[in-house]
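Student: Could you walk me through this structure with a few questions and answers?

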Amino acid sequence: MKVTEKDVGYVADLANLELTEDERAHMLRDLNSILEYIDRLNQRDTANVSPMAQVSDRYGVDESKTGSARFAYASREDILEGLRKSLPHEVALENAPDTDGTFFKVPKVIER
Amino acid sequence: MDLNSLTIDAARSAVQAKTTTATSLAEAFYSKIQRDDPQIGSYLMLSKDRAFAKAAEIDALAAKGEKLPPLGGVPIGIKDVMVTRGVRTTAGSKILGNYVPPYDCTAVARMEAAGAIVLGKLNCDEFAMGSSNENSAWHPVHNPRDLSRVPGGSSGGSAAAVAADMAVATLGSDTGGSIRQPASFCGVVGLMPTYGRVSRYGLIAFASSLDRIGPLTKTVRDAAIVLHTIAGRDPMDATSAEVPVPDYVAGLEKPVRGLKLGVAKEYFGEGLDPEVKESVKAAIQKLSQLGCEIVPVSLPHTEYAIPTYYIVATAEASSNLARFDGVRYGYRASDARTLSEMYRRSRDHGFGAEVKRRIMLGTYALSAGYYDAYYLKAQKVRTLLVRDFEEAFKNVDAIVTPTSPTAAFKLGEKVDDPLAMYLADIFTVTADLAGIPGISIPCGETKENLPVGLQILGKHFDEATILRVAHAYEQAA
C-alpha cells in the first residue's frame, strides 16, 4: 500500500475536495491499484533523459533562436484589446451563482 | 434522396442545386434525432434557433445562385466540451449544468463560417475523462450497432451521432484516444490532428499538453474537408502552430504506391482480441496489395504509455479543474457557511467519481515529495516515447496499428475497474503523448457485427499522408 488513509485526506485538502467516508475508501483502493501499475515506469532508467512538458516546443518554432525568441510567432503587441474586446461587465457576471451587480459574492472569508 | 445519410459534398451540392434546402436538411436531421436519439442518447442539447438562422442564411445564398462555402448547409454536431455562445455547454458535468458561454470555440466558429449548421451539443464523458461515455453526468450513450454496448469515449456522442445518421459530421476531442477509439467502436472515421494544428481556444481544458480537436465523419474525404476548415494558426491559442495548411482534399488522390508503412510488434501482442487482429492484418495485406511497402518497426516504450499518460494527464487535469470553485460560473453548493466550505462542497457535489479520482491522482503526483517520483519521471518517459516515433519515422511514412484492442464492450462491463477502463486506450495514448496525428477508419467487423478500427499514425503536421493512405484503403475495401 503506497497511499494511506492519511494521504487521501491530505491530498483531498490540497485539491479542495471533501469526499464522503465511502468515497475515501474507494479512493484509497483505486489510487493504490493505479499507482501500483504506474510503478512500472521505474523499470526504465531515465537518469540522462530530459523531461518533456509538451511537444509544441519542438515543432513550428524558429530553431535558430533560443528561449522565448523561438516562439516569436506567438507573441503580439501588448495593447488594450489586442485580440478582441473584453467581455462587457454584465456579460462576465451572467454565469455567476451570486453577484451584487458589480462583484462576485461569496460566503464570509474571515471568521470572527 | 435520403437526406440523413449524405456526405458533406453531397449535402452541400444538394443545397447548391436546390434539390433541397439547408432548412429542410436541418429539419430532416431534427426529425431523425427526435425519432432515434431517445434510444441512443447522443445529444445533450439542441440549438434549433441558431441552426435555423444559419440555414436561412445559406438558403438565401443558394436562392441567389451564389457559390456556397465548403460546408454550406451541412448539419453538424459539437462535442459538449467546446463552448458555444448562447448555447448551454456542460462538458458532461453537473458542475457546468447551467453554463451558457459568452463566446465561441474557434473550431466551431470556423465550421460555421464555412457554412455548417450546428444542430446541437453532443454527449461525452465528464470533462472528456473516460473510454465508454458512461462517465457522462447526464446519461450514457448507446452504440448504434448494438444498444447493449458502449459507443466508446470520451467522444461517444460524436461517434454515435455520425454512425446513426444524426449528423453529417461532428467535432470531437482527443486527449488519450477520445476521437479514434469511439470512431472505431461505432464504425466511422475519426481524425486526431497534430498537436498545434487546430486551435484549442474554447475547448474546455482537460490536459493542455495533450488535448486536440478533430472531426468524426462518414468518409475520409469528409474528415479532410473538416480538418482543412478548422486547421491553422489562431492568435487566441499560443500553442497553435504557425505551419502552413495544405489542401488535404486535393492530396487524397495522390498514389500510395511506394509509401512505406510501419508495423510495430508492440501493437499486436498480448491483450489484442484475435478477431480484431485478423481484421487489422487483412487491412495491412490490402494496403500491401495497393503498393505500399510494409516495414517492421519497433516502438519499444509502448508498454509505458498508459502509466505515463495517467500521470501527465491527471496532473494537468488537477490544475485545469482548479478553476471550478463556484464563484464565477458553474454550480455552487448552497449550504456552505464559509468560503472554504463553499469551494469544497461545490466541487464535491459538482464533480463525478472519475473526475474526482483523476484530480486526486494528479494532485498526489504533483504534491511535495512525490513530484520527482511520478510527474518528473513520467515527463522523462514521455521523451522516450517521442524518440521511439522519431526513430521509426526515419524509415517509414506512416505506422498502421489496431485502434483499440477490442471491439465495443458492454455497458457496465468495466465501470467498477478504473484500470481495466484505462487499458482500453493502450494503442491510442502513444500518439497523444508524442503529439503526432492519427486516424481511425473502419476495417471490417467481428462475428457479432461490431466494427473494427484501423489506426494510421503519421509524422508531425503530416496529416496529408495518413489521410491519403486512409482514403486509398477506404476506396479499395
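Tutor: Axes are lines fitted to C-alpha atoms, for helices over the stretch in contact, and angles run from 0 to 180 degrees between N-to-C directions. Helices (H or I, at least four residues) and strands (E, at least two) are DSSP runs, numbered from the N terminus. This is a predicted model, where local features need pLDDT of at least 70 and side-chain atom pairs count only at pLDDT 80 or more, while totals for chains, interfaces and linings use all residues. Residues are numbered from 1 along each chain as its sequence is written, and chains are lettered from A and ligands numbered from 1 in the order in which they are written.

Student: At what angle do the axes of H9(B) and H16(B) cross?

Tutor: Helix H9 (residues 274-289) and helix H16 (residues 463-476), both of chain B, have axes that come within 10 Å and cross at roughly 100 degrees. That makes H9(B) roughly perpendicular to H16(B) (under 35 degrees is roughly parallel, over 145 roughly antiparallel, 65 to 115 roughly perpendicular, the rest oblique). So the crossing angle to remember is roughly 100 degrees.

Student: Which residues of H16(B) meet H9(B)?

Tutor: Contact here means C-beta atoms, placed from the backbone, within 7 Å. From H9(B) come B:Ala283, B:Lys286 and B:Leu287. Their partners in H16(B) are B:Val469, B:Tyr473 and B:Ala476.

Student: Which strand stands with E7(B) and H9(B) in a β-α-β unit?

Tutor: Strand E7 (residues 260-264) of chain B runs parallel to strand E8 (residues 293-297) of chain B, joined by five bridges (strands pair if DSSP finds at least two bridges). B:Leu261 stands opposite B:Ile294 in E8(B). The unit is right-handed (with the strands pointing away from the viewer, the path from the first strand over the helix to the second runs clockwise).

Student: Which element gives the most to the side of chain A that touches chain B?

Tutor: The contact takes 45 residues from chain A and 58 residues from chain B. Helix H1 (5-14) and helix H2 (21-38) of chain A each give two or more residues to chain A's side. The most, seven residues, come from H2(A).

Notes: Two residues are in contact if their C-beta atoms, placed from the backbone, lie within 7 Å.
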